[in-house]
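Dear colleague,

Please find the structure below, followed by a short account of what was found in it.

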2 protein chains.
Amino acid sequence: MKLGTRGRYAVMALVDLAYYGQGKPLALTEIAQRQSLPLSYLEQLFLKLRQKGFVASTRGHLGGYTLAREAEAIRISEILEAIGEPLETTRCDKSSATGCLRTNAKCLTHALWAGLGAQMQQYLDGISLADVCERRII
Amino acid sequence: MKLGTRGRYAVMALVDLAYYGQGKPLALTEIAQRQSLPLSYLEQLFLKLRQKGFVASTRGHLGGYTLAREAEAIRISEILEAIGEPLETTRCDKSSATGCLRTNAKCLTHALWAGLGAQMQQYLDGISLADVCERRII
DNA sequence: TTCATACTTGACTAAATTAGTCGGGAATTC
DNA sequence: GAATTCCCGACTAATTTAGTCAAGTATGAA
Ligand code: FES
Ligand code: FES
């Protein structure tokens, strides 16, 4: 049950962007340096973040990325989902009614894992980028 | 952020043991069949669970495993930790004061991940094997 | 114009982790 | 003594992760 670098770096970079980029485009090289993250990896991540509408890009000299939405309106849970770091606690297919294995009843532990997932989702739903920047965590 | 099979199978098997084994030893083959889990993998997991004091074993014919502690007294969080499925949300070393990278300050997102970890820990601390068996989840 | 900067994109890869398997052994009961 | 069941370590195949690399496009400044 560990958080990978995809989700972690994406959030770190977006927090950095919200924190240091005051409306002006911020180059990835700058973010990468400040957060000690590999630049080419970040490029990959920001490609997806742009496609999903979290950031907007400006090319060329003095270009960079800006937040496409208000920092108050971006929840951490959204970022993780967009970047491909889902909260997978249950093993069964959510869409189908069938549970862990074959049987169409849920396994004994289903409710437990579903509860854990809901707990995490709720927590990350309740925190915005702005909250992290201004250190309003719990 | 996904739950692996180690933790998942360990909990499934222990729940099965608490649910179907009424004090009497339950063979792993039976548990494995009922829960559709690979037997040899389960053996590996139960070796650790026995060493950590969660179950006791009886060898030979009609042997098997029994819970070494009351189902009410075994918390899910303990199982996950024992089996080697820790809740790793932060990246920094807990023991040392230094944060994500070199700097001895914590990174901007540290509190966020720590909060998430605490949330999960608290949830799993609050649920016992017995709770799962009797479907007392949330 | 020309150059430097910075985003864009897809393909590729090395390392780590996971999810097991396999084989032989030891204890216990019938 | 035969069947059953736990015991244990070593080994491996597959997957995932965490990146790298290379080539291209757009923009602004000198
Ligand atoms: S996790 Fe959903 S049925 Fe087992
Ligand atoms: S996660 Fe602890 S300092 Fe970054």
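**The interface between the chains**

In this predicted model, chain B and chain A have 10 residue pairs in polar contact between them, both residues being at pLDDT 80 or more (N or O atoms within 3.5 Å; within protein, one must be able to donate a hydrogen and the other to accept it, and residues adjacent in sequence count only if both atoms are side-chain atoms). The side of chain B that touches chain A takes two or more residues from each of α1 (5–20), α4 (76–83) and α5 (110–125) of chain B (helices are DSSP runs of H or I, at least four residues, numbered from the N terminus). The largest share, 9 residues, comes from α5(B). By type, that side divides into 24 nonpolar, 7 polar and 6 charged residues (Asp, Glu, Lys and Arg count as charged; Ala, Val, Leu, Ile, Met, Phe, Trp, Tyr, Cys and Pro as nonpolar; the others, Gly among them, as polar). Contacts (heavy atoms within 4.5 Å) link 37 residues of chain B with 37 residues of chain A.

**Conventions**

Residues are numbered from 1 along each chain as its sequence is written, and chains are lettered from A and ligands numbered from 1 in the order in which they are written. Local features need pLDDT of at least 70, side-chain atom pairs count only at pLDDT 80 or more, and totals for chains, interfaces and linings use all residues, while side-chain values use heavy atoms, with hydrogens and water left out.

With kind regards
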